[in-house]
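These are my notebook entries on a two-chain model. I set down what I looked up, entry by entry.

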Amino acid sequence: MPTKAKPAAPAAETSTLKTGAQIVVDTLVDLGVDTMFGYTGGVVLPLFDKLYDAPIRVIIPRHEQGGCHMADAYARASGRVGVVVATSGPGACNLTTGLGTAMMDSIPLVAITGQVRTDLIGNDAFQEADTTGITRPVTKYNSIVKDIKDLERTVREAFFIASTGRPGPVLIDLPVDISVGKYKCNGKAQIDLPGYHIRAKGHARQISMAAEEINKSERPVLYVGGGVVSGNASEELRAFADKAHLPVAMTLLGLGSYDQRRPESLDMLGMHGSAYANYAVQECDLLIAVGARFDDRVTGKVATFAPHAKVIHIDVDPSSISKNVHVDIPVVGDAKHILPELTNEVEHRERGPWFAKIAEWKKKHPFRYSRQGTVIKPQYVIDEICRQTKNDALITTGVGQNQMWTAQFYKFIRPRQLISSGGLGTMGFGLPAAIGVQIARPDATVIDIDGDHSFNMTLTELATAVQYELPIKVCILNNGYMGMVRQWQELFYGKRYSCSYLKNPNYADVARALGAVGITVDKKEEVPKAIEQMLAEKKPCVVDFRVEREENVWPMVPAGKSLSDMDGLGILESMA
Amino acid sequence: MKHIISALVENKPGVLAHVAGMFAARGFNIDSLVVGRTEEPNLSRMTIVVIGDDRIVEQVRKQLARIIPVVKVQDFVGKPVVARDLMLVTIAAPPEKRPEIISMVEMFRARVVDIGSKSLMIEVSGPETKIEAFLDVCRPYGIKNVARTGTIAMPRQGTSGED
């Protein structure tokens with residue numbers, strides 16, 4: 001369970017008269033919450049007043065979106081439930097991007113929003129918004145508390161729903177009159193969710209059928225998604241892959257679930273995945289998907305995806321099965337339960353010819369970049385960060401080229417090491433995420449590998465990092481463009497760079513003005529030293545790498561094409 | 001193909017919005033949706049008629065089940081069910097036409113529920129095909145207004161009975 005074990009309840013059956021705000025805070029403490037992210041405001045004043053002397057550390061972001069990303073990344077890095085608080089109206093509206101990010105990536109998050117008095121709801125009151133209406137599509141569940149008797153149970157249910165099954169964000173909307181109202185609360189409310197069923201154990205017969213197919217397979221591929229990370233099943237995955245002897249391809253969110261330094265790793269698959277992963281998927285006779293959802297960035301053209309393969313799909317969410325791609329053998333349940341059972345039933349097979357073919361693809365089409373010239377290649381920066389941190393840093397990213405190069409060139413070895421917005425693709429995620437990760441893991445090296453445009457979106461949170469003295473590092477791969485958009489414009493819109501260019505500030509100056517360390521690097525030979533200095537810094541540190549302006553991410557499966565239709569392989573070969 | 005899906009849901013605010021929102025967000029079409037109370041005060045039943053191929057309807061069923069206040073989902077396709085619509089229809093009925101209209105009403109086992117100076121309001125219930133057939137025979141007289149409930153359905157316990 002992501003939350004800590006709760007302390008023993010008071011011995012006597014005592015009910016004390018408490019305000020709603022006190023009930024919320026006491027329940028959070030009882031659920032093991034010791035850290036949360038929150039921005040105050042009118043209708044959450046009663047709640048923040050009770051937080052003032054609660055044993056909970058409250059991190060104040062500069063914007064509610066940032067706070068939500070911090071709580072999300074805190075959850076991703078720690079495996080615990082992230083908690084964020086915002087006020088009504090604009091505060092709640094500002095959470096939506098963060099909630100959508102957490103929803104798409106199945107991150108356990110509880111958001112508490114203030115709401116106007118219940119008798120004002122619907123009257124267009126000051127700072128009123130229909131928060132449950134606005135956030136319904138971007139939450140796993142939400143509810144408004146209209147009776148203080150339901151409050152404690154609602155908070156407990158929110159944590160339970162957020163952290164179990166396929167995790168996700170849950171929002172509680174809390175009208176201010178409920179916060180200040182009083183109720184005799186005994187702290188023992190029971191959750192009551194007749195419509196919420198979690199299937200943890202897989203169906204034994206389905207597992208046996210899956211094992212049989214795996215044992216028969218000559219050319220299997222294991223396709224691993226974020227579900228293995230969030231389900232804490234990386235150890236089980238490794239044992240399974242090792243015993244059955246399977247090559248392992250990972251999605252962006254699956255990276256780290258299998259050590260990428262191992263020869264069986266095919267690294268990332270999909271649009272900007274490795275040629276060897278994509279070829280292997282297209283030629284395999286059995287695809288074993290675990291905690292993945294056949295996203296369009298992974299499958300390319302669905303009709304020609306893995307055309308020779310039978311498909312086994314292990315997932316905790318039944319609605320993921322056969323949503324995009326027909327599944328032959330579904331196994332619904334928790335990977336942590338299912339994988340060991342499957343491991344028991346599979347046999348070790350050498351599959352020599354298949355691994356030989358994979359080795360050939362790997363040799364012919366590795367991720368590459370040009371080492372020529374004097375301009376800094378963005379891939380080189382990541383390569384160097386990976387080398388100096390010995391594959392061991394916690395990495396967050398923005399969205400776009402910076403994110404894809406990070407996925408390609410940093411070789412991850414552990415789960416929860418890469419923290420990135422996959423499904424929603426939220427630019428601006430990297431910096432607040434680095435803050436959330438550093439709060440969760442105070443002793444770890446946390447690096448945001450960001451793009452200039454992504455960084456621009458939430459750079460105000462640098463002040464948050466300074467306030468809490470967090471030694472986060474921000475590496476801006478500054479090409480002055482919205483790089484991925486520019487790449488698409490180059491390839492598909494006749495190099496008409498419409499609105500993909502911004503005049504950027506001097507980031508080192510910005511960093512210094514906000515109280516952080518700022519470094520500018522514009523020479524290739526200065527890169528290693530700058531990274532060394534950055535890693536040694538105890539203050540938040542921003543390094544502005546002025547990189548090759550029109551570098552492209554290769555290979556690339558153009559949208560709607562088959563996975564084996566990769567552009568850029570020739571370009572990569574010419575860099576050898 | 002037409003599927004009748006029956007969902008037992010918690011009687012909480014926002015559940016209808018959640019279900020309707022899911023249909024809209026995922027691009028599923030609703031033919032009709034009926035919500036009513038059940039014998040349990042904290043549960044309501046939604047009967048939703050959806051048209052789509054098996055893959056789409058399977059997704060509809062799974063996505064419905066995924067909504068937390070949705071307690072149980074059944075797809076009645078291929079199962080013996082009693083499915084009924086209720087319709088109120090007002091048709092132009094000058095006095096000289098009334099005898100034939102009333103005999104038609106009797107044939108359909110419908111009922112006249114309101115008599116106006118120039119029109120009659122008729123209540124008719126039954127399977128959707130019967131409602132449609134009744135509308136067809138009303139059309140020549142001039143239909144002034146129609147209100148329909150949409151389909152509700154329940155699985156049969158016995159093996160025979162009225163369609």
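Helices (H or I, at least four residues) and strands (E, at least two) are DSSP runs, numbered from the N terminus.

**Entry 1. Conventions and confidence**

I noted that this is a predicted model, in which local features need pLDDT of at least 70 and side-chain atom pairs count only at pLDDT 80 or more, while totals for chains, interfaces and linings use all residues. Residues are numbered from 1 along each chain as its sequence is written, and chains are lettered from A and ligands numbered from 1 in the order in which they are written.

I looked up pLDDT, the predictor's confidence in each residue, from 0 to 100. For chain A the mean is 96, with 98% of its residues at 70 or more. For chain B the average is 93, and 97% of the residues score at least 70. Residues 1–6 of chain A stay under 50. The scores of the model are ipTM 0.89 and pTM 0.94.

**Entry 2. The six-strand sheet of chain A**

I traced an open sheet of six strands in chain A, with the order E11-E10-E9-E12-E13-E14 and parallel pairing. Its edges are E11 (265–268) and E14 (329–332); each has a single partner strand, so one side of each is left without a neighbour in the sheet. I recorded an average twist of 15 degrees from one strand to the next. For this angle, axes are lines fitted to C-alpha atoms, for helices over the stretch in contact, and angles run from 0 to 180 degrees between N-to-C directions.

Within the sheet I followed E9 (220–224) and E12 (286–290) of chain A, which pair in the parallel sense over five bridges. Opposite Tyr223(A) I found Ala289(A) in E12(A).

**Entry 3. The loop residue Gly270(A)**

I placed Gly270(A) in the loop between E11 and helix H11 (275–283) of chain A. Is Gly270(A) buried or exposed? Gly270(A) counts as buried because 24 C-beta neighbours lie inside 10 Å. The cut-offs are 20 or more other C-beta atoms within 10 Å for buried, 12 or fewer for exposed, and in between for partly exposed, with C-beta atoms placed from the backbone.

Leaving aside neighbours within four places in sequence, I listed Thr251(A), Arg297(A) and Val298(A) as contacts of Gly270(A); contact requires C-beta atoms, placed from the backbone, to lie within 7 Å. The C-alpha atom of Gly270(A) is 6.3 Å from that of Thr299(A), 29 residues apart along the chain.

**Entry 4. Cores**

I took a nonpolar core as a set of buried Ala, Val, Leu, Ile, Met, Phe, Trp, Tyr and Cys residues joined through C-beta atoms within 7 Å. The largest has 199 residues, and among those touching the most other members are Val84(A), Tyr223(A) and Leu287(A). Beyond four places in sequence, Val84(A) touches residues including Met36(A), Phe37(A), Leu95(A) and Leu109(A). A second, separate core of 12 residues includes Ala93(B), Leu120(B), Phe134(B) and Cys138(B).

**Entry 5. Helix H15 of chain A**

After H15(A) comes Lys390(A), with a positive phi near 55 degrees.

**Entry 6. The sheet of chain B**

I traced four strands of chain B in an open antiparallel sheet, in the order E2-E3-E1-E4. E2 (30–37) and E4 (70–75) of chain B stand at the edges with a single partner strand each, so one side of each is left without a neighbour in the sheet.

E1 (2–10) of chain B pairs with E4(B) over five bridges; Leu8(B) has Lys72(B) as bridge partner, and Ile5(B) stands opposite Asp75(B). Nine bridges join E1(B) to E3(B), with Val9(B) partnered by Ser44(B). H2 (54–66) of chain B lies across E1, E3 (43–51) and E4 of chain B, at about 165 degrees to E4(B).

**Entry 7. Where the chains meet**

I counted 14 residues from chain B and 13 residues from chain A in the contact. On the chain B side, the elements giving two or more residues are H1 (15–25), H2 and E4 of chain B.

Key: Pairing = 2+ DSSP bridges. Contact = placed C-beta atoms within 7 Å.
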